[in-house]
Structures are given as structure tokens and as C-alpha cells.
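Okay, everyone, thanks for coming. Let me put the structure up on the screen, and then we'll walk through it together.

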Amino acid sequence: MLFRSQRPVAFSAAVLFARLARWLELRLNRPQRSDQKRLARGVVATAFLLAVAIAAGLLTVALRDVPFGWIAYLFVLIAALSLRPGLDDARAIDAGLRTGAGAMQHAAARVFGAGAEAMGEAAIARKTGAHLAAHLVDGFAAPILWFVLLGPADMLAYVAVAAAADIWPEHSARHQEFGLAVSRLRVALRWLPDWIAALVIVVAAVVTPAGHPLQAFRAAAGRLPQFRPPRGTHTVAALFGAMNIPVDTETLRPAGSPGTNPKWHGDASAVLRAAARTDVRRAAYLYRVSCVLGVAVLGLVALVQFAA
């Protein structure tokens, strides 16, 4: 989720770990090897990434005690967060929706992969919302949580695990065995940050125009299944609940396009794109407010740590 951004961040811990994960995968995950060997090599590669991340975190802690070491400490903390790529992707989707159907499909393919070219306007809007929710967890809530609870080493360890899980997706045929260990590890480490990010969205919905905070909370808690897609996280459900966008709503399509029972006669593309743009912008606004709230909490935590 974090590595199809339209404009890669100049320096990001997630990007560096993703490059290391790609390098390890190319050398260790050979198709001719047996499933057992690829599984074992995936475990070894995951352990290596964790060792590198923890070592970098411990070095960061050691630098904090030297003169001006707080600068390096703060730099590593900022590098572990990944806020901008999600907004860049949302802006690219919004620009594609504004331009036309071809530009919309091209932008969706760049952000979500080649399969997104066949998606309709409403599906792209919902995919963008889920994409922003994933960024809020993996690029923001989880690094902050593990930093607050256990320090820089565990923060960077999560960033490394999330990066590798995106590069070695368990659901792909090539990485089904190699990426199994890191994918399951991310699921375990993501559970608590997912809940916290969902609660942040609930609070952000209070100050978001046309937000539905109570509905967001009930959706995150699983009380409103119409707002939670299959295999969706609590954060995704909270975001769709806050925006009042059920994920199972039938997508309206232009007349003559693939699909059953078209709802429109004539060219409805402009209407559908306008509605999708509204949803994308609302999701991006909610994402921004959630990030502002998170940054405020992070600032308070940092002040307490340096004052101690």
C-alpha cells in the first residue's frame, strides 16, 4: 500500500526498507526452489530485516545522549512516518476523475495496480478511501504507537515489517510462501494500531463537515457490516462509516458499460465522476484531520520524553 505513490518521498524509512526487501526477494525467492525452502528463506529474510531495523533503532537511542543527538533522533522519527504519499495518491485520483474516464483509469492503475483499470468511478472512490485508511495505520498510527510504547527500535521494526509485507504480498503466487511469515507478523503487530487509528477517525469525524462519528464508531466495532469490506480493517470501516458510504452499494455505471441493469440512460460519466471526486475529497479531508490529531499527540509525547 505504501509504495505506489505518485511522488516518492525523498527520504523515508519505509522506502529504504522496501528497497532492501526487493533486493532480498530477488536473491532468495527463486521459483525453482521448493515451497518449504522458499518459506524458510522468507523467515530468514524477515529476521534479517528486523535485525537491521532494531540495530538502527538502538543506534538512534544511543545518539540521543550525545551533543545535538536529538537532531538525529527527531530525523529518524520523522523518516519513520509516511503521511504525504497517501495524499499524493488521492490527489492523483482526483485529478484523473476531473480530467476524464481515460485519465481516471490511468491514475487508478498507477496507484492501485493494473487491475484497477476496469474499476468504475464509485469503486475507485472506495478503493481510494481504503488506501488512505491503510496509510493512516501503516504510515502513521502504528509507527507512533510502537515508538510511544517501546521506542525507536520497535518503531523501525514495524516499518520494516510493513514494507516487506507490501513487497512480498502473501496473496500473490510468487510470494505465497516467501511472504507468509512477514504477512502474518504484520497482521499481529497491526491489530492494536488499527483500533487506535479507527478511534482517531471517529474523533476526526466530529470536526469534519458532514461527518458521522457515532456511525464511524459502530462501524469500526463491527455493528454496521455494510461499511466494512471483505478482509477490511477497523480503520477502513470507521472511515466509510464516518463518510456514510456503504461498501456494498451498487455502483452506477454509464449506459452501455459492462455490468448488469445499468441505472442511467445516455452518458452519465460526468455525473459519476463528480460524485466520486466528492467522496475522494471527503476521504482526503478526514485523513488530514486524523493526521493533525495524531501529530498533536506525538508532539506532546516527544515533549514529555525530552523533558524527562
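So, which residues in α2 meet which residues in α8? Quick heads-up before I answer: this is a predicted model. On the α2 side we've got Leu-39, Val-43, Thr-46 and Leu-50, and they meet Leu-180, Ala-181, Val-182 and Leu-185 in α8. If you sort that contact by class, you get seven nonpolar residues, one polar and no charged ones.

How do the two helices sit? Helix α2 covers residues 35–63 and helix α8 covers residues 180–206, and their axes come within 7 Å, crossing at roughly 50°.

Next up, helix α7, residues 152–167. From first C-alpha to last, α7 reaches 23 Å with its 16 residues, close to the 22 Å expected. And α7 is mostly covered, with 15 of its 16 residues buried.

Now find Ala-18, over in helix α1, residues 13–28. Is Ala-18 buried or exposed? Its relative accessibility is 1%, so Ala-18 counts as buried. Ala-18 and Ala-162 are 144 residues apart in sequence, yet their C-alphas are 8.8 Å apart in space.

Last bit: the core. The largest nonpolar core has 81 residues, and among those with the most contacts inside it are Phe-17, Trp-168 and Leu-239. Helix α6, residues 121–150, gives this core its largest share, 13 residues. As for Leu-239, beyond its neighbours within four places in sequence, its contacts are Gly-129, Ala-133, Ile-201, Ala-283 and Leu-286.

Notes. Residues are numbered from 1 along each chain as its sequence is written. This is a predicted model: local features need pLDDT of at least 70, side-chain atom pairs count only at pLDDT 80 or more; totals for chains, interfaces and linings use all residues. Side-chain values use heavy atoms; hydrogens and water are left out. Axes are lines fitted to C-alpha atoms, for helices over the stretch in contact, and angles run from 0 to 180 degrees between N-to-C directions. Helices (H or I, at least four residues) and strands (E, at least two) are DSSP runs, numbered from the N terminus. Contact means heavy atoms within 4.5 Å. Ala, Val, Leu, Ile, Met, Phe, Trp, Tyr, Cys and Pro count as nonpolar, Asp, Glu, Lys and Arg as charged, and the others, Gly among them, as polar. Buried means under 20% relative accessible area, exposed over 50%, partly exposed in between (1.4 Å probe, protein chains only). The expected span of a helix is 1.5 Å times one less than its number of residues. A nonpolar core is a set of buried Ala, Val, Leu, Ile, Met, Phe, Trp, Tyr and Cys residues joined through side-chain atoms within 4.5 Å.
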